[in-house]
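Hello,

Here is the structure we talked about. My notes follow it.

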There are 2 protein chains.
Amino acid sequence: MTALEVTLRKFKFTRILSHDTRNKLVYVLGNVDDQLAILSFERAQYDDALIPELAKHTCQLQDVIENNIYGWALGNIDIQQPDTRIKIIYPATELHVKKYEQQDRRMIVETPTMYRDITRPYIQSLPSERIQWVTNILNGTSEADRIIYRDNDPQNGFVILPDMKWDGTCESLYWVAIAFRNDITCLRDLTPAHIPLLKSIQKAAYEKVKENTNLDADQLRLFIHYQPSYYHFHVHITAIAFADAPGVVAGQAHLLDNVIDNIEMYPEYYQRATLPFVIGNNHPLYLAHHPQSE
Amino acid sequence: MTALEVTLRKFKFTRILSHDTRNKLVYVLGNVDDQLAILSFERAQYDDALIPELAKHTCQLQDVIENNIYGWALGNIDIQQPDTRIKIIYPATELHVKKYEQQDRRMIVETPTMYRDITRPYIQSLPSERIQWVTNILNGTSEADRIIYRDNDPQNGFVILPDMKWDGTCESLYWVAIAFRNDITCLRDLTPAHIPLLKSIQKAAYEKVKENTNLDADQLRLFIHYQPSYYHFHVHITAIAFADAPGVVAGQAHLLDNVIDNIEMYPEYYQRATLPFVIGNNHPLYLAHHPQSE
């Protein structure tokens, strides 16, 4: 028996942390030998090679509904193949628990005043070590072999590399462009002075993606997060085919084309705009905006 | 044997129409007695009642990887429960095939000129029967029992009702507000004259959702689609918890808070803006923008 099997046998269930019924993915918390353990179970996708055989291997139909040309049922597929992906974190910490626990997410409709008085001081309070990993990428001390493109100009330069979320397939392309300059913390800082940087990132992204994957410019979604997960300017580069890429929803993703157009039309757009964003209600920034709920 | 089982036995596989590996949902095309049939297979979610038992029913582990506190494996769950949802359309038409076939989706970066010369004439060319169902809802000849709220003012009035995509749960709330006036075809038409309508929809949506589900205003995402699926002004009302609600992605969904702010700051914002949107490359509007590809 592998250590994993031993752990599974000893696992004592405490509670469900989250259950994504669309993706059929559940995280559960429990104990193994009095230490925290987190398990996840995810239904496996159908194996492409077996898809032509699914109809004839359907059995034990129940709850059958038939209406005109439409029919529905629940059933089983009697082909022997792994049906579940299992992951384990053991021993786990409270931080792991927090990460996988379903959060109540809320919308904050941030006015320029709220940005100045609450969000900006929050950003400035973050320790600079938090983005040490970005500095390491930029100066070449880590991930140097993963860089796809590098423009060393101190004002308008940037690197492009694959995002850690990318699985390597063309349909789920997920890259990121990170600026060298460190004086743009977020969308709110963007002004007409940054248009050359933004356009240069756009141009390089289109060219490098075309070279590497043959995807055209109009098959890509380039966007900026607000709030971003780290406050050093970067642009997300994803395939449009990756429709449910993490973080492409309105209220978090701002399309680069839109951002450039807004600044060109209205130079102070991002300093004057009300920007709604969605955030977990145990996030420090949420608590800063709702001091009574701490 | 039900008719559905007979059809499944006779099904001759032709090809995969689409395969969503994240949601574990596959559509396949085939023939039954020389007529088209479309089948879909979707992995069933884990039954909530059985989740506490999953760990001890895990078996036949393979591809085990262990690294420090992390472990991964593929396996099976030996609990007897339906593992697949099956749907069938039979006999199916070419229109059904088109609907379920994976489309190549492309970004169009629409300038005001492109709107005036291509998109607007396309909208005006659509037969008015296409939105007869909207008229039926507004005048009470259909779905009258589903109306949640009605404000009969001819200028700023609207109805709120559940969207057909809503499954009735609080976490996946999906309602829609439809304006009575029929002179707003889309986002491009919005001006400061429409602010009272927009704010009135926002206020009623917050109040009615609170009454019906206890969700607060900051747990809702109100947005307008561009392009919309029908050109009669309407606002989508969804729970933020429904993170992967259809159509909430940037480049399709425009947050109502943002729209109101843009118009209040810049009265001609939507007439002057460049608005990127994503569309299937066999959609008539895509073809209108790319006449050479027809």
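**The listed histidine**

A:H234 sits in strand β12 (residues 234-239) of chain A; strands are DSSP runs of E, at least two residues, and helices are runs of H or I, at least four, numbered from the N terminus. UniProt lists A:H234 under "active site", in an unreviewed entry. Such annotations may be inferred rather than shown by experiment.

This is a predicted model: local features need pLDDT of at least 70, side-chain atom pairs count only at pLDDT 80 or more, and totals for chains, interfaces and linings use all residues. Residues are numbered from 1 along each chain as its sequence is written, chains are lettered from A in the order written, and side-chain values use heavy atoms, without hydrogens or water.

A:H234 is buried, at 4% relative accessible area (buried is under 20%, with a 1.4 Å probe and protein chains only). Beyond four places in sequence, its contacts are A:V176, A:A177, A:I178, A:I224 and A:P228 (heavy atoms within 4.5 Å). The A:H234 side chain also reaches the backbone oxygen of A:H232 at 2.7 Å.

**Helix α3**

In chain A, α3 covers residues 112-125. A kink of about 35 degrees lies at A:T119, shortly before the proline A:P121 (the angle between axes fitted to the seven residues ending there and the seven starting there). Buried here are A:Y115, A:T119, A:Y122 and A:I123. They pack against β7 (105-110) and α8 (284-289) of chain A.

**The two chains**

Of the interface residues of chain A, 99% are also interface residues in chain B, so the copies meet through the same surface.

Best wishes

Definitions and conventions: The expected span of a helix is 1.5 Å times one less than its number of residues. Buried means under 20% relative accessible area, exposed over 50%, partly exposed in between (1.4 Å probe, protein chains only). A polar contact is a pair of N or O atoms within 3.5 Å; within protein, one must be able to donate a hydrogen and the other to accept it, and residues adjacent in sequence count only if both atoms are side-chain atoms.
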